[in-house]
Amino acid sequence: MFARVTELMKLSVSLFHLSRNGRRIWKLQEMVASGRKVLRPSDDPLGAMSAIRLKGQLEQFEQYKRNIEFGLRWLNYTEAILDNLEELIAKAKEIAVSQASDTANLDTRRASAAYIRGLREAVLQLANSTYEGRPVFSGLSGKEAYSSEGVYQGDQGGFKIAVAEGVLVQVNLTGPRVFGEGQENLIQYLDRLAQALETDQRELVAQGIDHLEGFLNRVIEARSQLGSWYAQLEAYRNILEQRSIKVTEGLSEVVDCDIAQAITELSSRQLAYEATLLSTKRLFEETLISFLR
Amino acid sequence: MFIWALEVAKSALFAQQAAIYVTAHNIANVNTPEYSRQQVVLSTLGPVNLPVAYLGRGVWVEEVRRIYDRFLALQIHYQQSEKSFWETYRTKLSYLEAVLGTSEEEGIPKLLSDFFNAWQDLSLNPTGYAERTALLAISENLSEFIRYRAQQLLSVKADLSKEAEASLRDVNRILLELAELNGQLRTGRNDLFDKRDALLRELAQYLDFTVLEDRLGRVSVLVGGIALVEGLKASRLQVEDTAQGLEVFLVDSGTKFRVTSFVKGGKLGALLELRNRFWEDLKGELDAFARTLIWEVNRLHSEAEGTRRYSFIEGAYKAADPEAPLSQAGLPFEVPRGTFYINVYDQNGEAVARLVFDLDPEVQSLMDLAETLNQGGAGYLNAEVRDGRLRISAQEGFTFGFARGAEAGEVRPPSGVVSALGLNCFFFGWDASTLSVNPTLHLMPELLSQSAMPASPSDNTNALLISGLENQKVWFKGEGKALQATLREYFSAMVGSLGLESKQAMDRFETAEGLLQSLETRRQEISGVSMEEEVINLTRLQRSYEAASRVVKVVDELLETLLSLR
């Protein structure tokens, strides 16, 4: 203990503790007001570091989710095209079946040829579909997939999107894969079928049933491929969803302030502060001089 | 004998008066921070031999003593410079923290996420225009943010120098005053000793020193064994911004020598430490961060194509000596040895040629490279060097783009040659202060290289590779050190160590402040004025004075009695 208590000592000790307490109260006040316990790196250097990393991860997850949403929209769109295509091929097949039969004659075949040419135009239009201005079936070439003669102008490039760190999923089908390779593609085949109908070649029309069946199978195969990509994207979306929750929790643990605890601490510190103020006041009120009057 | 008694009473009256005077002085200085209380030392006057006996002659003021602990004062000086050091350190660091150490929600970490995400947005729509302008706007934000931080760091550096200069002006004034005071110090001039201590303490706020005191109380102030004040002579300190950092010189009758390494502790020590070590480190780290960002993005960007091709391009980096081998040509980035490709397209956008170029930076100069390009690209390209920069232009009807090697559809890593020459770069510059986005891209966003394969505008491979940089560990090279980390990890480590240092400074400051406070309390306990004590003393002295007066009165009465004897 002190041997002598002097005037300046009383003052400076009180002031010292008041300012220290004041600083702590201010800090708590800041925490409660902002809801964060890490307001600047020095509040918790390691916490600030991991917060930066966790937040970066979250931002990436959000982007991956956006990528997946885009991929799903793209796949849905492709799926819709293939659905239409399947119908068109089925119609062509119906015609081939009916026109290969004995009841058909040159007249019906000529009339059907026109119908098939109509289907061919519809198929060409589907093959040249664009999504948000981009050709769907031309690979990475950026060109229209098929010329009006039904020649493929694209390339074999796979369009991939990033769905997780280091994971790319392809989402595009190239023209040949859906419509058939080289000259054996659906568009050019429909041309030949129309020609066979016009020239009344029953044999060729009958073969067309199998051919069209083959094209149908190709589309079904393509649709199943779309399905598996779709499932892949959905799986990654679920994984991302779960990871986002975990990382958000982690981030909150690092930076968010426990308001209840902070307020409790704040009020106890405030009490101490007020007590110091009161006792300091008393300290200066009571001196010997007041008794010597 | 009565006469003697009167003399004794007189001495008592004088002594009590002196003591009251000292008490008044104490009370008057109750709030003077550096004041040391004074105490009257009374002692008896030697006896005289009277016929009756040896009788005392009363009292005299032997000394007015200053109550003070010399060693405590030394400790206080030391602790004062410790506290001032950490106070300055802490204040500056928390400012730097505000400059650089943003939270995870904003600043560089946020912009970095935005930047890489914008590349992914482009990967979703590789031919999109809106995605390109968005990416460029975000990149502009990022580079401007980093550039602005670098600028703020530079102004912090200037402030540190200015503050050191201002501090030295104070120091020099104190040194002069101390030397002057040395001429006036004598034993018993208590208040001058207080003034001396106050000056020493003020000095301790600026730097740490050693004090030697002679018999008369005159002080010599030494820093690292060199006297700043000796007797009546004071030296002058001077600060200079040199290439090696901020240096402090001692100027002494025409000679000048460096004392930087001796200046420790106090505000000045903190300013020197901050400026010469901390600031340099921090700036180096920010520069390394920007440099790696520039290099890694450019390396991928340069050897790839956008949806539009070049008809003319000029290198962003200038070779100081276009005739020297490229490794010594003074380019900001080291030119690696490697192979790069130039794809040439005709008017219809069809690829007509794939030109291959090998570069050996140890042998070929920029001029040689231009020559090689002219030969290899004959009929398609013209190359020349103007003002230390490589210029390539396509001949009429052709355009060209850059590419890297590819094997079986898989793109190989870029050689880095094209970006080192500053061709088809995404970022310009080489450190935090020079970082900017290639202005040509703002004019023609289609030049943004998202495709790693020739003639494939819908290819997004390059955009994916660049966005993949976010998770890739890359090399950071600074002064004499190199480490591998992702850009985000590197930045967060930078913020973390800044935060850690700032936190330590805060803790050290609190400790130093606490210690100084307890020493100060101890000093006040010894040297401070206690009102109670003084009031009691005053009462006591008043009574003593009254008693002595009473003695005079009694003697007077006795003398009267004596004189009235008839």
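Mentor: Let's go to Glu132(A), which sits in the loop between strand 1 (130-131) and strand 2 (134-135) of chain A. Strands here are DSSP runs of E, at least two residues, and helices are runs of H or I, at least four, all numbered from the N terminus. Keep in mind that this is a predicted model: local features need pLDDT of at least 70, side-chain atom pairs count only at pLDDT 80 or more, and totals for chains, interfaces and linings use all residues. Residues are numbered from 1 along each chain as its sequence is written, while chains are lettered from A and ligands numbered from 1 in the order in which they are written.

Most residues other than glycine have a negative phi. As for its surroundings, Glu132(A) counts as partly exposed, because it has 13 C-beta neighbours inside 10 Å. The cut-offs, with C-beta atoms placed from the backbone, are 20 or more other C-beta atoms within 10 Å for buried, 12 or fewer for exposed, and partly exposed in between.

There's a counterpart in chain B. Ala455(B) has a positive phi near 55 degrees and isn't a glycine either. Its place is the loop between helix 9 (439-443) and helix 10 of chain B. Ala455(B) is partly exposed, with 19 other C-beta atoms within 10 Å.

Now step back to chain A. Its elements, from the N terminus on, run α-α-α-β-β-β-β-α-α-α-α-α. The radius of gyration, taken over C-alpha atoms, is 39 Å, well over the 19 Å from the globule rule for 293 residues, so chain A is more spread out than a compact globule. That rule is 2.2 Å times the number of residues to the power 0.38. The C-alpha trace spans about 140 × 30 × 25 Å along its principal axes, and 33% of the 293 residues count as buried.

And the partner? In all, 45 residues of chain A are in contact with 49 residues of chain B; contact means C-beta atoms, placed from the backbone, within 7 Å. Helix 11 of chain B gives the most to the side of chain B that touches chain A, with 17 residues.

Definitions and conventions. Contact = placed C-beta atoms within 7 Å.
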